[in-house]
Number of protein chains: 2
Amino acid sequence: MQKFFINTADFTAKTLPPDLVYQASKVLRYQIGSQFIVGVDRKNYLVAITKINLKELEYQVLEELAIDNELDVAVTIIQGYPKGDKFEDIVKHGTELGASCFIPCLLERSQFKVEEKRLANKVVRFNKIAKEASEQSMRNIIPEVKEFMKLKDIALATYDIVYVCYEESAKAGELSGYKETLKGLKKGANIAFLIGPEGGIDEKEIKYLKTFSNIKFISLGKRILRTETAALYALSTVSYERELI
Amino acid sequence: MQKFFINTADFTAKTLPPDLVYQASKVLRYQIGSQFIVGVDRKNYLVAITKINLKELEYQVLEELAIDNELDVAVTIIQGYPKGDKFEDIVKHGTELGASCFIPCLLERSQFKVEEKRLANKVVRFNKIAKEASEQSMRNIIPEVKEFMKLKDIALATYDIVYVCYEESAKAGELSGYKETLKGLKKGANIAFLIGPEGGIDEKEIKYLKTFSNIKFISLGKRILRTETAALYALSTVSYERELI
């Protein structure tokens with residue numbers, strides 16, 4: 001069933017914002033009686049339409065749905081900005097997999113070719129992708145995609161743990177330590193995964209990261225993963241470790 | 001470092017097949033002394049070029065590399081054939097994540113629009129993608145992509161376990177049982193994940209699957225995953241459970 005995230009004002013008025021009214025009427029061809037889910041303030045409500053045309057839509061709430069599809073820890077993906085449209089895919093699939101936040105990070109080896117003036121537009125687009133993916137995967141919240149940041153501008157010390165996915169760890173056969181810390185996280189913990197761009201993380205950056213006491217270098221299995229696969233691996237393992245039994 | 005999979009005959013002759021000779025000379029601009037890795041019969045050798053032009057290439061073996069990047073169980077992805085080019089992405093990223101075999105499966109809800117005569121070409125292309133992804137991720141083997149198959153033509157009983165990723169399990173909050181069986185697999189076990197296409201697995205198909213004693217219905221976390229994300233989640237969890245400590 002279709003889900004729409006809306007704000008409190010629209011929910012109080014039992015309507016949708018104008019763009020969604022148009023979409024519901026024209027694209028989805030909803031009629032009186034059609035049902036959908038609205039997400040507001042982390043809660044989900046099943047609603048049924050009582051009035052609809054191209055410009056107006058009203059609904060009544062049938063029930064609050066007891067859905068909690070969120071991971072029990074907040075996961076930020078600090079992604080070394082990759083080539084092409086890969087960051088969009090990471091936001092899309094990473095949202096499905098439960099990420100709370102994404103930071104497009106300009107690392108040394110990011111081959112970054114976006115004009116300065118287009119950066120803000122990019123971030124708007126990333127957040128739109130996160131919203132749509134949240135609706136499709138029945139998330140309770142929409143992850144935030146922050147603005148483009150340099151590594152030194154990210155408040156790394158504020159996370160309980162920052163896992164640094166370091167290819168050299170994989171090559172050196174260092175496969176230890178990740179599971180134990182993931183198991184040990186308290187509910188509500190705030191963790192991050194830092195993932196390099198195509199060329200990996202620069203040695204100077206590694207040196208800088210080592211100055212933080214909450215950094216943990218990890219390998220994501222034996223094989224060399226593409227940068228766009230690493231975030232999905234990381235999020236899948238958080239879900240597996242903490243949600244599945 | 002670049003890796004090429006080659007056959008025994010080319011390795012015995014200490015050369016590469018003609019298309020790779022051209023690529024090494026023209027595209028990669030290798031010269032005498034350039035090093036790369038050849039993969040043959042699950043083994044990896046570091047080699048250095050002793051002769052190179054557009055049509056001829058010879059190398060000497062410097063050393064056998066003790067690389068074993070394979071999962072300790074064989075994982076087949078039986079993928080309900082999805083829309084568009086998604087299957088290609090599943091093969092690419094699934095190969096990085098350690099899959100042994102992919103079967104494009106024509107399920108009831110596969111919206112399948114490929115002409116019969118183009119099927120064989122598609123499979124050739126899928127296998128080429130698997131080879132390239134294997135080289136990039138330093139696999140020891142190249143996963144096989146089998147021909148398009150119907151569910152009833154797949155020998156499901158030959159697997160130790162077939163995990164069926166069933167969206168209804170997720171909706172119903174059934175999150176149990178997967179981890180325990182994954183942990184308990186013997187080294188060398190042969191497992192499969194069956195993943196529905198966009199519309200999911202049909203009820204008649206579920207009924208058929210239930211006639212097998214080696215089927216296990218599982219959920220891949222609380223959120224609804226896109227079909228192309230499910231295989232990557234599944235493979236990530238096999239790596240996490242069996243490779244990381």
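Predicted model: local features only at pLDDT ≥ 70, side-chain atom pairs only at ≥ 80, totals over all residues.

Is A:Arg125 buried, partly exposed or exposed, and what is the relative accessibility behind that label?

Mentor: A:Arg125 counts as partly exposed, because its relative accessibility is 45%.

Now look at the partner. The side chain of A:Arg125 meets the side chain of A:Glu88 in a salt bridge. The N to O distance is 3.0 Å. A:Glu88 lies in helix 3 of chain A, residues 86-96, and A:Arg125 lies in helix 4, residues 119-136, so the pair ties together parts that are 37 residues apart in sequence. The two ends differ in cover. A:Glu88 has a relative accessible area of 13%, so it is buried. A:Arg125, at 45%, is partly exposed. In general, side chains of opposite charge can pair when their charged atoms come close.

Stay on helix 4 of chain A for another pair. A:Lys128 and A:Glu132 both lie in this helix. They are 4 residues apart, about one turn of the helix. Their side chains meet in a salt bridge, with 3.5 Å from N to O. A:Lys128 is exposed, because its relative accessible area is 53%. A:Glu132 has 43%, so it is partly exposed.

B:Lys51 forms a salt bridge with B:Glu56, and the closest N and O atoms are 3.4 Å apart. B:Lys51 is partly exposed at 32% relative accessibility. B:Glu56 is partly exposed too, with a relative accessible area of 39%.

Salt bridges can also join up. A:Lys86, A:Glu198 and A:Glu228 are linked in a network of them. Over all chains, a search of the whole structure finds 26 salt bridges.

Step back to chain A as a whole. It has 8 helices and 11 strands. Its C-alpha atoms fill a box of roughly 60 × 45 × 30 Å along the principal axes. The chain has 245 residues, and 56% of them count as buried. Now take the contacts in chain A between residues at least 6 apart in sequence. Of these, 73% join residues at least 24 apart.

Two loops in chain A deserve a glance. A:Lys14 sits in the loop between helix 1 (8-12) and helix 2 (18-27). Its phi is near 50 degrees, a positive value in a residue other than glycine. A:Lys14 is partly exposed, at 26% relative accessibility. A:Arg42 sits in the loop between strand 2 (35-40) and strand 3 (43-52). Phi of A:Arg42 is near 70 degrees, again positive in a residue other than glycine.

Next comes the place where the chains meet. Chain B gives 39 residues to the contact, and chain A gives 39 residues. The size of an interface is often given as the accessible area lost when the parts come together. The area buried between chain B and chain A is about 3,700 Å², and carbon and sulfur atoms give 54% of it. B:Lys179, B:Arg223 and B:Tyr240 supply 22% of the area that chain B buries against chain A, more than any other three residues.

One salt bridge to view joins the side chains of A:Arg223 and B:Glu243, at 2.9 Å from N to O. The interface also has 32 residue pairs in polar contact. On the side of chain B that touches chain A, the elements giving two or more residues are helix 3 (86-96), helix 6 (178-184) and helix 8 (227-243) of chain B. Helix 8 gives the largest share, 10 residues. By class, that side of chain B has 13 nonpolar, 14 polar and 12 charged residues.

Finish inside helix 8 of chain B, where B:Ser239 has its place. B:Ser239 counts as buried, because its relative accessibility is 1%. Leave aside its neighbours within four places in sequence. B:Ser239 is then in contact with A:Gly221, A:Arg223 and A:Tyr233 from chain A, and with B:Leu71 and B:Leu244 from chain B.

Technical notes. Residues numbered from 1 in each chain as written. Chains lettered and ligands numbered in written order. Heavy atoms only, no water. Contact = heavy atoms within 4.5 Å. Buried area = accessible area lost by both parts, 1.4 Å probe. Salt bridge = Lys/Arg side-chain N within 4 Å of Asp/Glu carboxyl O. Polar contact = N/O pair within 3.5 Å; in protein donor to acceptor, adjacent residues only side chain to side chain. Nonpolar A, V, L, I, M, F, W, Y, C, P; charged D, E, K, R; others polar. Buried < 20%, exposed > 50% of the residue type's maximum accessible area, 1.4 Å probe, protein only.
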